[in-house]
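Here are a few friendly notes to read alongside the model. Take them one at a time and look for each spot as you go.

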Amino acid sequence: MLQLRYVTEEQLAGFDQYQYSAVDTNPLSVYVMQHLWNRIVKIVPLWIAPNLLTFSGFLLLLINYFVLCFYDWDYTASGSRLIPNWVWWFAALSTFSAYALDSIDGKHARRTQSSSPLGELFDHGLDSWATSLFTISWFSVCASPGGSSGLSEHTMFLFLSIVLLNFMLSHWEKYNTGVLFLPWGYDLSQVTLVAGYLLTAIVGVEIWHKPLVFGYYVTTVSLTLIIACSIFLSLPQTLYNIYTAYQRKTLKQDSLYEALLPLVSPALLFSLLTVWVALSPCNILIKQPRLFLFMVGVAFSSVACRVIVCQMSNTRSESFHYLLFPLALVVFAAVTGLLGRLEESVFMAFTALTTMAHVHYGVCVGRQLSQHLNIHIFSMKKRAQE
């Protein structure tokens with residue numbers, strides 16, 4: 001069951017030739033956070049595997065998410081102070097710890113001379129899922145379904161979609177240039193999340209449900225900023241970097257079609273999800289906001305991981321992710337009324353199967369690369385030669 005070989009021989013050969021290349025120009029990262037991480041990494045014992053740091057950070061995010069699920073399943077508890085104050089302190093601690101572990105894992109790998117393509121794939125693969133967990137956990141602070149002071153269900157879906165598409169842009173950029181230009185928004189968003197959780201723990205959730213200047217709420221301002229930054233900063237910067245690579249004749253892809261191929265599946269994914277949200281007879285997003293947004297994050301991560309494998313192995317991106325076919329069938333059956341009262345049940349089953357399929361993919365790919373590179377995922381020891 002766990003021996004399925006998702007990575008092709010061509011991709012394995014590509015991983016053998018892989019060289020990490022990244023550029024970080026974010027002032028917050030370069031002049032502030034990197035100095036902190038350089039100090040923290042020195043206290044990590046040398047026998048701890050870098051992937052163990054990465055996975056520990058991801059587990060902290062999952063635990064934080066499940067705690068918030070317990071107290072605020074439908075995103076209605078924050079406005080009524082039903083969430084205990086210790087939850088916000090824990091959210092701040094777990095978010096900062098995950099941020100720190102994600103930032104020092106690569107440094108620790110270089111420090112222990114254990115850097116590998118598996119480590120980077122493990123890191124970016126979990127990042128593709130963690131990006132949604134950060135976002136949908138934060139919604140417990142500022143959500144206000146049906147109200148005007150916070151984020152509505154549809155606004156949360158829009159917010160999450162923009163965040164995930166920004167993540168995809170950075171890896172689409174690397175697919176075409178061979179260089180990962182670390183997005184400025186990552187460090188800024190992590191520091192903002194930690195500060196936001198701390199402020200909530202100290203002052204209370206009421207601060208997010210009071211208007212600022214000119215009657216605008218914090219949530220409205222934040223959504224406007226993220227849309228503006230995406231349109232006027234992230235996208236232009238990505239296109240500029242790709243154009244620069246084209247000018248220097250270092251572009252990885254030969255044609256516009258090949259260059260745009262990684263964006264086909266994400267575009268179709270969010271198109272199908274938007275149709276479902278807009279035309280669902282039972283208003284599935286309103287009925288199950290937390291579970292629907294969780295499913296969006298898992299489905300996106302499943303698509304993104306395939307793109308990451310292709311860009312790291314320097315192989316051609318797949319045209320259509322297999323997940324799009326069952327999703328299209330479910331969406332069609334739902335919006336045409338064929339599912340009737342079964343829509344919610346089918347949605348839950350689809351979410352469960354998608355999550356299990358994604359976890360299975362991650363485990364199998366990790367095992368396959370571990371065997372191919374002759375290394376253990378969570379240990380510094382070499383695998384025994386077969």
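1. Start at Gln113, which follows helix H4 and has a positive phi, near 55 degrees. Helices here are DSSP runs of H or I with at least four residues, and strands are runs of E with at least two, numbered from the N terminus.

2. Please keep in mind that this is a predicted model, where local features need pLDDT of at least 70, side-chain atom pairs count only at pLDDT 80 or more, and totals for chains, interfaces and linings use all residues. Residues are numbered from 1 along each chain as its sequence is written, and side-chain values use heavy atoms, leaving out hydrogens and water.

3. Back to H4: it bends by about 35 degrees at Ile104 (the angle between axes fitted to the seven residues ending there and the seven starting there).

4. Now find H6 (residues 153–177) and H10 (residues 264–279), which pack at about 175 degrees with axes 12 Å apart. So H6 is roughly antiparallel to H10 (an angle over 145 degrees). Axes are lines fitted to C-alpha atoms over the stretch in contact, and angles run from 0 to 180 degrees between N-to-C directions.

5. Which residues of H6 meet H10? Among them are Phe157 and Leu164 in H6, while Phe270 is one of those in H10 (contact means heavy atoms within 4.5 Å).

Conventions: Parallel < 35°, antiparallel > 145°, perpendicular 65-115°, else oblique.
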